[in-house]
Amino acid sequence: MIYQGSCHCGAVAYQVEADISSALSCNCSICSRKGYLLSFVPGSNLTMLKTEQPLTSYTFNTHKIKHQFCPVCGCAPFGLGVDPEGNEVAAINVRCLQDIDLDALEIHKYDGKNS
């Protein structure tokens, strides 16, 4: 399925091809503070539709994920990284997707705080 996503102000828009029936809820410092619900997809499944200004990137700890956010509204719609096999991956914040029923998702908890 193809989902449309954006930041809050609409300066960043994208689409992602994915089967999103579940999401990951991590308790690490950034995920818990931002309230992320993440779905991981191959990087090639993410297509940028609009970026009025370059996205800002933030990394921390192991610097494996480049958390992308809109410099206008601060919304963080996705992150970019590499999986253990070296493949590009996109961590989609499903809260930023249109027409997705968050209550219907199976939520998997991940202990990123102690990993």
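User: In this predicted model, how many residues lie between β1 and β2 in the hairpin, and which residue in the turn has a positive phi?

Analyst: The hairpin formed by β1 and β2 has five residues between its strands, and within the turn Gly10 adopts a positive phi of about 90 degrees.

User: In what sense do strands β1 and β2 pair, and over how many bridges?

Analyst: Two strands are taken as paired if at least two bridges are found between them. Here β1, covering residues 2–6, and β2, covering residues 12–17, pair in the antiparallel sense over five bridges, with Ile2 standing opposite Glu17 of β2.

User: Which residues touch the most other members of the largest nonpolar core?

Analyst: A nonpolar core joins buried residues through side-chain atoms within 4.5 Å. The largest one here has 17 residues, of which Tyr14, Val16, Ile20, Leu46, Ile92, Val94 and Leu97 touch the most other members. Strands β2 and β9 (88–93) each supply at least two residues of this core, while a second, separate core of eight residues includes Cys26, Cys31, Leu38 and Ala91.

User: What is the volume of the largest pocket, and which lining residues are the closest to its centre?

Analyst: The largest pocket has a volume of about 740 Å³, and among its 28 lining residues Cys26, Thr62, Lys64, Ile65 and Tyr110 are the closest to the centre.

User: Which element gives the largest share of that lining, and how does the lining of the largest pocket divide by class?

Analyst: Strand β8 gives the largest share, four residues, and the elements that contribute two or more residues also include β3 (22–26), α1 (29–34) and β9. By class, the lining of the largest pocket comprises 16 nonpolar, nine polar and three charged residues.

Conventions: Residues are numbered from 1 along each chain as its sequence is written. This is a predicted model: local features need pLDDT of at least 70, side-chain atom pairs count only at pLDDT 80 or more; totals for chains, interfaces and linings use all residues. Side-chain values use heavy atoms; hydrogens and water are left out. Buried means under 20% relative accessible area, exposed over 50%, partly exposed in between (1.4 Å probe, protein chains only). On a 1 Å grid over the protein atoms alone, a cavity is a set of points where a 1.4 Å probe fits but cannot get out, and a pocket is an open set with protein on both sides within 12 Å along at least five of seven lines; lining residues have an atom within 4 Å of a point. Grid points are joined across faces, edges and corners, and a volume is the space filled by probe spheres set on the points. Ala, Val, Leu, Ile, Met, Phe, Trp, Tyr, Cys and Pro count as nonpolar, Asp, Glu, Lys and Arg as charged, and the others, Gly among them, as polar.
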